[in-house]
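Here are some friendly notes to read alongside the structure. Take the points one at a time and find each place on the model as you go.

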Amino acid sequence: MDRSSPVPLYYQLSQQLEAAIEQGGLAPGSLLGNEIDLAARLGLSRPTVRQAIQSLVDKGLLVRRRGVGTQVLRSQVRRPLELSSLYDDLEAAGQHPATQVLRHETEPATARVAAALGVPEGSEVLLVERLRLAHGEPMAHLRNHLPAGLLDAGPARLEETGLYRLIRAAGITLHSARQTVGARAATPEEGARLAEPEGAPLLTMERTTYDDTGRAVEFGSHVYRASRYSFEFQLLVRP
């Protein structure tokens, strides 16, 4: 701890604990020492340690269990805002992604989907609806619409790998995307699907992806558990 720093000690401690969780130094399921022991070992006050722990409980990285103590949960997934698939990002982070395909069927394009894909309203499009898991735990509910005939991949292939890998394997070069990120409360159905209570905060993302000819090849509408997931931005200062 840097006691000469203007950064509060509780925040320094919470950052060190968070880094240890993300880097595997504190494994999921492991227990932290009690607040008194931690405070004595680190030379900090008990309120400082309590505040640091509570900040990580609020982030969903730690949980207090009666009769057990403070236990480490899995680290939160931080996804960079770039043109990549959730499957690839989870795999790169060592999160052991898995997929359950909920729907894989053609349907008439709604006005919203048609506008995003640049096809006539009512024309046939492919709907792929999936539940993405990490370490067997639900992370996100994904709905993707694609132009009919773009991709020849059934549910079995979609459960083995990410959608963008399959699109690239079909010889399509992904070039750019338009994306919107938001947040809202979980409906009862979403809460049940994502193991969150009704009204829990969810992150939302809509993305239209284009190939190198400017054709829209995918429109995604996704929801993510805010307790287990965050988007990461890199901001540049204009000269």
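This is a predicted model: local features need pLDDT of at least 70, side-chain atom pairs count only at pLDDT 80 or more; totals for chains, interfaces and linings use all residues.

**Notes on the model**

1. Let's begin with a tyrosine: Tyr11 has a relative accessible area of 39%, so it counts as partly exposed.

2. How many aromatic pairs does the structure hold? There is one. Tyr10 and Tyr11 make up this pair, in an edge-to-face arrangement with 6.4 Å from centre to centre and 80° between the planes. A pair of aromatic rings is described by just these two things, the distance of the centres and the angle of the planes.

3. Now look for the sheet. Six strands form an open sheet with antiparallel pairing, in the order β4-β5-β6-β9-β8-β7. At its edges are β4 (97-108) and β7, each of which pairs on one side only. From one strand to the next, the twist averages 15°. As background, strands of a sheet pair through backbone hydrogen bonds, either parallel or antiparallel.

4. Is β8 mostly covered or mostly uncovered? It is mostly covered, with nine of its eleven residues buried. β8 pairs with β7 (residues 174-185) in the antiparallel sense, over eleven bridges. To see this pairing residue by residue, find Ala177, which stands opposite Thr209 in β8, and Arg178, which stands opposite Thr208.

5. β8 also pairs with β9, again in the antiparallel sense, this time over nine bridges. Here Thr208 has Phe219 in β9 as its bridge partner. The two strands β8 and β9 form a hairpin with four residues between them, and Gly214 in the turn has a positive phi of about 90°.

6. Finally, visit the second largest pocket, whose volume is about 280 Å³. Which residues lie nearest its centre? They are Arg112, Arg143, Glu206, Ser221 and His222, out of 19 residues that line the pocket. At least two lining residues come from each of α5 (111-117), β6 (137-147), α8 (188-194), β8 (201-211) and β9 (216-225). β9 gives the most, with four residues. Sorted by class, the lining of this pocket has eight charged, seven polar and four nonpolar residues.

Definitions and conventions
Residues are numbered from 1 along each chain as its sequence is written. Side-chain values use heavy atoms; hydrogens and water are left out. On a 1 Å grid over the protein atoms alone, a cavity is a set of points where a 1.4 Å probe fits but cannot get out, and a pocket is an open set with protein on both sides within 12 Å along at least five of seven lines; lining residues have an atom within 4 Å of a point. Grid points are joined across faces, edges and corners, and a volume is the space filled by probe spheres set on the points. Ala, Val, Leu, Ile, Met, Phe, Trp, Tyr, Cys and Pro count as nonpolar, Asp, Glu, Lys and Arg as charged, and the others, Gly among them, as polar. Buried means under 20% relative accessible area, exposed over 50%, partly exposed in between (1.4 Å probe, protein chains only). Two strands pair if DSSP finds at least two bridges between them. Rings of Phe, Tyr and Trp (its six-membered ring) pair if their centres lie within 6.5 Å; planes under 30 degrees apart count as stacked, over 60 as edge-to-face and the rest as tilted. Axes are lines fitted to C-alpha atoms, for helices over the stretch in contact, and angles run from 0 to 180 degrees between N-to-C directions.
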